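Here is a short briefing for a first look at this protein. Keep the sequence and the 3D view open while you read.

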Amino acid sequence: MFDVVVVGAGPAGLNAALVSGRQRRRVLLLDSGAPRNAPAQETHMLLSRDGLSPTALREAGQADLRAYPTVETRSAEVVDASAIASGFELTLADGGRERARKLVLATGQTDVLADVPGLAERFGRSVFHCPFCHGYEAREQPIAVLGSDFPSVMLALYVADRFSGDVVLCGNGEAPPDEHRERLEKAGVAVREERVTEVRGEFGALELRLEGGRPLARGAVFHRTRIRQHSDLAERLGCELLPDGCVRVDEFQQTSVRGVYAAGDMARLEALPDAMTFVVMGAADGARAAIWVDQELFREDAGLPAPNAS
């Protein structure tokens, strides 16, 4: 039995495994190989690693783990998890089973894009979801913001304020709320309500085909994706979910199920309209989870109350 099994090898999972390994815990890190930020070409806002590709960042994190002999990393997908008397049992896609005293879930979220041909193929390269992560690279480009709801309106206003004097809100067949049209007009943001039928080209030379209208030339597109959990393990274990589908955790990154911790963009303290899911914050969550997992294990073995017991 492992002390800790970490499911997911993004920034949160890698850092959780690193911290646990440094405390000489026997750790198994399971990686399905499908990180959320795989389409992106660069990672930003991570001190000393700004601009590094997500692939290179993962490889560097995995290299760090090799210095700790109690940490095992394995490419495997976890398809089920359940509580047992001594901790938890995980079922892998290949039929294998592993047991752990504690779990750290870091399986992340999945982006769900609008159903527009050409959009998904350009996601992370010329179609972006976060102005903090990619706005600087799109500066001074003519930008389209895809969507008509209030968050998309706010995104268009923000991008126009920070990065470009040429921003068009593309409603994709819908109009933005009437109460925000004046704000958009005042900010110099144009509105095109036609349905977007296709996105062509590459960064700096995109073309949005609009139904019944002339094509729109843009340098970049920003699009607030919908998100969903990458894995249903937390739900299978009975962890409480927030209304937005994220896993509810406390200040220790512990879920509502004792012994199960969650870190990264899959989990948060409370539902937020615009949660920050940056790489650096995921890594911080992973460290926090691992520290309190270690303390819980230590206190259990010493016969002391849990660190977060009331």
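In β5, D80 has T91 as its bridge partner. This pair belongs to a predicted model.

- A hairpin of two residues joins β4 to β5.
- A83 stands opposite F88, a residue of β5.
- β5 also pairs with β6, again running antiparallel. Four bridges join β5 to β6.
- E89 has R99 in β6 as its bridge partner.
- The hairpin of β5 and β6 has four residues between the strands. In that hairpin, G95 takes a positive phi near 95°.

- T107 sits in the loop between β6 (97-105) and β7 (109-112).
- Is T107 buried or exposed? Its relative accessible area is 16%, and buried means under 20%, so T107 is buried.
- Leaving out residues up to four places away in sequence, T107 touches V7, H230, S231 and M266.

- G259 lies in the loop between β17 (247-248) and β18 (260-262).
- G259 counts as buried because its relative accessibility is 0%, and the cut-off for buried is under 20%.
- Which residues does G259 touch, not counting those up to four places away in sequence? They are F88, K102, L103, Q254 and E296.
- One of these contacts, F88, is the residue that stands opposite A83.
- G259 and E121 are 138 residues apart along the chain. Their C-alpha atoms are separated by 39 Å.

**The protein as a whole**

- The secondary structure comes to seven helices and 19 strands.
- The radius of gyration is 22 Å, close to the 19 Å that the globule rule gives for 310 residues, so the protein is as compact as a globular protein of that length.
- Along its principal axes, the C-alpha trace spans about 70 × 35 × 35 Å.
- Of the 310 residues, 48% count as buried.
- Take the contacts between residues at least 6 apart in sequence: 59% of them join residues at least 24 apart.

**Surface and charge**

- The protein exposes about 15100 Å². Carbon and sulfur atoms supply 49% of that area.
- The protein has 35 positive and 45 negative charges.
- How far apart are the mean positions of the positive and negative charges? They are 3 Å apart.

Terms used:
Residues numbered from 1 in each chain as written. Predicted model: local features only at pLDDT ≥ 70, side-chain atom pairs only at ≥ 80, totals over all residues. Heavy atoms only, no water. Buried < 20%, exposed > 50% of the residue type's maximum accessible area, 1.4 Å probe, protein only. Contact = heavy atoms within 4.5 Å. Pairing = 2+ DSSP bridges. Rg over C-alpha atoms; globule rule 2.2 N^0.38 Å. Areas by Shrake-Rupley, 256 points an atom, 1.4 Å probe, with all protein chains shown as cover. Lys, Arg positive; Asp, Glu negative; His and termini not counted. Charge placed at Lys NZ, Arg CZ, Asp CG, Glu CD.
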